Amino acid sequence: MSLAFAPLLLSAGFSHAAQTESYYLIEEIPLEAANGLAEGDGNINVTAASEDGNYVAGNALTFRSPFRFYDFSDRTTYDYGCQYASEVCNLFYYGTGSFYELYRDRLRDQSSKLYKSNVLAFISERNISGAHTDGKNIPPLPTWDTVNEKLYVFDDISNDTYTTDTRVNSINGELGWAVGYDSSPFTSDTGSSYARDFIQRGFAYNLSTQAKITLLPTAFNSSGDLADDKGGLSSGLQIIEKDGRTLVIGLASVSYSNSDSFGECQTGNRENYYRCSGFHTQAWAWDITDALDGDQVTGELFVDGYVRSRYGNAPNFNLIKDYNGEVFVGISSDDVFDSTNGSRGRATFYTDNGDGTYKLTKIPNIAIDGDNDQFEDSVTHTWANAINNQSLVVGNLRYVEVKSRNRPVEGFVYDNEENSENYQEVRWPLRNKPFSGANSEFSDINDSGIIVGWRDGDGEEQPSYNGTTRRQTGMILDYNRFLEGNSSYTWTLNQLTCYEQNGEPQIPLYRFEYATHINDEGEIFANGYHYETAEDFVNGVNPRAVLLKLVRNPAVTDIDNLAVCPQIEEVKYERKGASSLWLALLLLPVVFVRRFIKH
């Protein structure tokens with residue numbers, strides 16, 4: 001551990017490349033350090049971005065957790081076990097500042113002490129009046145307004161001890177709305193006994209007027225009172241315009257999975273997450289066309305049925321993730337295996353019945369390597385994240401069983417276009433690349449077939465099961481080049497932001513971690529870390545968590561003719577057809593393994 005590292009220039013001779021600028025330009029979305037969002041430390045991520053690229057929303061998590069994209073409505077974000085060494089898992093889950101002790105207070109101890117929110121949501125708007133100045137690095141223009149505090153929905157902004165957890169799931173800049181969910185504030189009449197009206201309630205937030213609309217679930221008890229259903233549960237997932245109406249598509253509770261399951265999730269043992277949220281939930285639609293600030297809107301059933309209904313204690317659910325104007329995609333419950341092993345979800349698409357309701361179809365042909373019979377027992381969840389106008393669907397599969405000493409996530413692409421020669425085919429562009437058991441996760445796709453997501457960082461080949469975390473690196477993948485058989489079809493974002501200046505390679509001191517959104521202009525939203533010095537960058541220490549937007553550089557049109565830059569991970573990088581420049585960083589195997597404990 002005490003050995004030194006040494007960046008090494010192996011050869012300085014080269015001829016200039018035709019293009020020396022970076023393929024992507026960097027815009028940093030600033031976080032104000034003197035407010036609540038700073039509590040999120042490194043756990044900051046993008047949850048939504050508008051198609052025009054001018055709005056971004058995200059979360060800052062203030063508890064220690066391996067569940068980076070935690071969403072109480074989406075079990076794919078937390079319904080998987082910790083596969084690392086028991087000491088590491090215990091630090092994630094137990095003790096002061098851990099997931100169980102902080103976040104579960106939101107549910108288990110809601111009558112004994114005041115809860116302070118640990119999921120802080122924000123929305124930032126871009127100032128579109130400027131232009132990039134040097135085409136290479138920070139500081140870029142246009143600028144972004146500083147993200148200076150959490151989004152208040154059901155909390156009072158004057159409340160210093162804010163008590164609600166908030167998430168923005170989608171932003172539609174053209175319609176002018178953001179949708180998501182918030183929790184109810186804790187209140188106390190005595191100062192020692194606390195109460196709240198509901199755990200989670202959907203909302204629609206107007207980007208220009210700040211009007212807030214509450215999206216009510218339906219009461220399913222004999223009294224017709226939501227309070228008798230312990231508040232119910234709802235969440236806004238998409239905002240669309242259809243037949244001249246503005247609709248929020250989301251989910252709503254329709255019954256308890258059973259009373260024991262509800263109690264085990266909401267107030268019971270910590271390990272029973274497969275029983276959460278304790279409700280059966282169904283896809284729902286709310287018409288907010290004429291809604292005013294403060295209105296509470298009741299919706300109606302949007303989808304009838306599930307892939308398969310669960311048996312036992314785990315709830316049924318439908319959760320919609322994206323919409324291309326005709327088809328929705330997401331995840332639906334399945335009754336695979338038994339209730340003691342956790343709920344299962346299956347990647348699903350939803351199509352119009354012609355009467356305003358939608359039917360669902362499980363995406364076929366998603367199987368693990370060479371063993372279709374064991375697919376259902378070997379996989380926890382499959383889910384679809386996005387669909388483009390060519391009906392290409394991207395999603396992921398999460399293993400239950402160990403594959404090469406890892407329980408990986410693998411990204412897939414499903415072709416749902418009936419006129420395509422690849423109709424109903426599923427492909428795995430990064431399966432087992434560069435080694436068996438490697439992780440690859442796809443989050444979004446645009447109409448040009450460019451996919452964004454993340455994969456294991458180069459050199460992260462160590463076993464994960466009962467080991468340590470693998471660092472993830474943001475990447476893009478050109479699906480059309482993959483189909484054409486081009487051997488060069490995927491790149492890390494760090495490769496695409498380096499450039500040459502005065503004949504020398506320049507590496508912006510940013511490490512990109514999770515790329516979550518891409519629009520049709522090729523603009524990417526991601527989170528990562530910035531380092532003040534090259535030494536800190538190489539060692540992976542003293543990082544500053546950042547939100548980033550990457551914008552295509554109009555001066556660079558050929559991705560096969562990039563600037564000659566080093567690969568900043570643990571392996572060498574040489575541009576195809578490039579000159580004789582060889583530059584590598586010789587590093588210890590451990591220098592990029594980030595600490596898993598917050599300061």
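Reader: How do strand 14 and strand 16 pair, parallel or antiparallel?
Author: Antiparallel, over two bridges. This is a predicted model, by the way. Strand 14 covers residues 279-287.

Reader: Which residue stands opposite leucine 301 there?
Author: Tryptophan 284 does. Leucine 301 is in strand 16.

Reader: What sheet are these strands in, and in which order?
Author: An open sheet of four strands, ordered 12-13-14-16. The pairing is antiparallel.

Reader: Which are the edge strands?
Author: Strand 12 (234-242) and strand 16 (300-301). Each of them pairs on one side only.

Reader: OK, rings now. How many aromatic pairs does the whole structure hold?
Author: The search finds 21. One of them joins tyrosine 256 and phenylalanine 262. Their ring centres are 5.0 Å apart and their planes meet at 70°, so this pair is edge-to-face.

Reader: What other aromatic pair does tyrosine 256 form?
Author: A stacked one, with phenylalanine 279. The distance is 5.6 Å centre to centre, with 15° between the planes.

Reader: Which residues make up the aromatic cluster with Tyr256?
Author: Phe220, Tyr256, Phe262 and Phe279 form one cluster.

Reader: Is phenylalanine 279 buried or exposed?
Author: Buried, because its relative accessibility is 3%. Phenylalanine 262 is at 7%, so that residue counts as buried too. Tyrosine 256 is at 23%, so it counts as partly exposed. The cut-off for buried is under 20%.

Reader: New topic. What lies over the face of tryptophan 428?
Author: Arginine 431, at 3.9 Å from the ring centre. Phenylalanine 198 has arginine 201 over its face, at 4.1 Å from the ring centre.

Reader: And strand 2? Why is it largely enclosed by the rest of the structure?
Author: Because six of its six residues, 24-29, are buried.

Reader: Which way do its side chains point?
Author: Tyr24, Ile26 and Glu28 point one way. Leu25, Glu27 and Ile29 point the other way. All of these are buried, both glutamates included. In a regular strand, side chains alternate between the two faces of the sheet.

Reader: Which strand pairs with strand 2?
Author: Strand 33 (residues 544-552), in the antiparallel sense, over six bridges. Tyrosine 24 stands opposite arginine 552 of strand 33.

How values were computed:
Residues are numbered from 1 along each chain as its sequence is written. This is a predicted model: local features need pLDDT of at least 70, side-chain atom pairs count only at pLDDT 80 or more; totals for chains, interfaces and linings use all residues. Side-chain values use heavy atoms; hydrogens and water are left out. Buried means under 20% relative accessible area, exposed over 50%, partly exposed in between (1.4 Å probe, protein chains only). Two strands pair if DSSP finds at least two bridges between them. Rings of Phe, Tyr and Trp (its six-membered ring) pair if their centres lie within 6.5 Å; planes under 30 degrees apart count as stacked, over 60 as edge-to-face and the rest as tilted. A charge sits over a ring if NZ of Lys or CZ of Arg is within 6 Å of the ring centre and within 35 degrees of the ring normal.
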